[in-house]
Amino acid sequence: MMRFGALLAVLVPLLLAVSAVAHEIRPAYLDLRETARDGFAVVWKVPAQGNMRLSLDAVLPKPCIEKAERERSIGSSAYLERWTVTCTGGLKGGQITIEGLRSTMTEALVRIEYQSGDTEVVRVMPDAPSFIVAGAKSSLDVVRTYFVLGVDHILSGLDHLLFVLALMLLIRDCRKLVKTITAFTVAHSITLAGASLGYFSLPQKPVEATIALSIAFVASELVRMKPGERRLSESYPWIVAFAFGLLHGFGFAGALKEIGLPQSDVPLSLLTFNLGVEAGQLIFVAAALVVLRAAGTLSTIKPAPARQFGAYMIGTAAMLWLISRIALLTA
């Protein structure tokens, strides 16, 4: 019991601390859309706080010539530049560099959309701030890129991970835990696929606020657990997981929509992104189970004070997210 308390005393504050600095390591984003032969509309988005932004610049291949002065703006969380270029001979074979990336902890995501409908997505890392534009990508490239993007998205999505952690603290039976995680997976896979393919959609900001509310709900259920009393969320946690999993799927779809799907490989890229999300989720669940088993908590019959401590910490994080995301609705 004390070991569980020590675990949560370290684990949950650590997740909150990472959440607090998450905005500092958000990726930069470069979007190039081919609007005419050899002509591209460019959007360059850099993480910012207030009037301060990361010192990053996107350098396009040498044949690219700017056609007009850049439009610049800065908001509460990002610095934006928009301009158009003419790249004689196209972008294929040219080098794109993100200057200043080596001195940061972040990365950059580059998305190039061609008139043919093909989309090239590349992650640019600090240890390799340049890459050569490949043009249309092979199916294997699509699989590798979107799978890694899916893994990265779930492992960096602290709200999704805290929801899963709260479910794990709520459930003390392994078979029930498997059912619950499966229900969550099925639910967010449905809305991820449907929203990404355009069958249905919800506004992203309200979705993000409701995701925070879902975490707060499970945390409140943890707090209300009493010996000898079985709440609906304890008896049928997969119902809770499925219902809120539908909302979390819209959150995943919002991230995927920003990246885009290559028109020539929509089913493949959607499938591999979702598999990446599931792989990342399984990695987190497995790691958490190992730690929780080591702490001797899965066999606990009565709700330990430490479990409630974890619930309060998770609930506090969720409410902070909820307040900030509601504020964004009116911004």
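The questions below take the helix contacts in turn, then the cavities.

Modeller: One point before we start: this is a predicted model.

Biologist: How is α2 placed relative to α3: parallel, antiparallel, perpendicular or oblique?

Modeller: Helix α2 covers residues 139-156, and its axis lies 5 Å from that of α3. The two pack at an angle of about 70 degrees. Angles of 65 to 115 degrees count as roughly perpendicular. So α2 against α3 is roughly perpendicular.

Biologist: What is the relation of α3 to α4?

Modeller: Helix α4 spans residues 174-196. The axes of α3 and α4 are 10 Å apart, at an angle of about 155 degrees. Angles over 145 degrees count as roughly antiparallel. The pair is therefore roughly antiparallel.

Biologist: Is the crossing of α3 and α4 left-handed or right-handed, and which α4 residues make the contact?

Modeller: The crossing is right-handed. F163, V164, L167 and M168 stand on the α3 side. The contact counts 7 nonpolar, 1 polar and no charged residues. The α4 residues are L177, T180, I181 and F184.

Biologist: And α3 with α8: what class of angle is it?

Modeller: Helix α3 runs over residues 158-170 and helix α8 over residues 266-294. Their axes come within 11 Å and cross at roughly 40 degrees. Roughly parallel would need an angle under 35 degrees. So α3 to α8 is oblique.

Biologist: How many residues of the contact of α3 with α8 are nonpolar?

Modeller: α3 brings L161, V164, L165, M168 and L169. α8 brings Q281, F284, V285, A288, L289 and L292. None is charged and 1 is polar. The nonpolar count is 10.

Biologist: Which element gives the most to the lining of the largest cavity?

Modeller: The lining is A195, S201, L202, Q204, V207, F250, A253, G254 and K257. It divides into 5 nonpolar, 3 polar and 1 charged. Two elements give two or more residues, α5 (204-223) and α7 (237-259). With 4 residues, the top contributor is α7.

Notes. Residues numbered from 1 in each chain as written. Predicted model: local features only at pLDDT ≥ 70, side-chain atom pairs only at ≥ 80, totals over all residues. Heavy atoms only, no water. 1 Å grid on protein atoms, 1.4 Å probe; cavity = no way out; pocket = protein on both sides within 12 Å on 5 of 7 lines; lining within 4 Å. Nonpolar A, V, L, I, M, F, W, Y, C, P; charged D, E, K, R; others polar. Axes fitted to C-alpha atoms, helices over the stretch in contact; angles between N-to-C directions. Contact = heavy atoms within 4.5 Å. Left-handed = near helix turned anticlockwise from the far one by under 90°.
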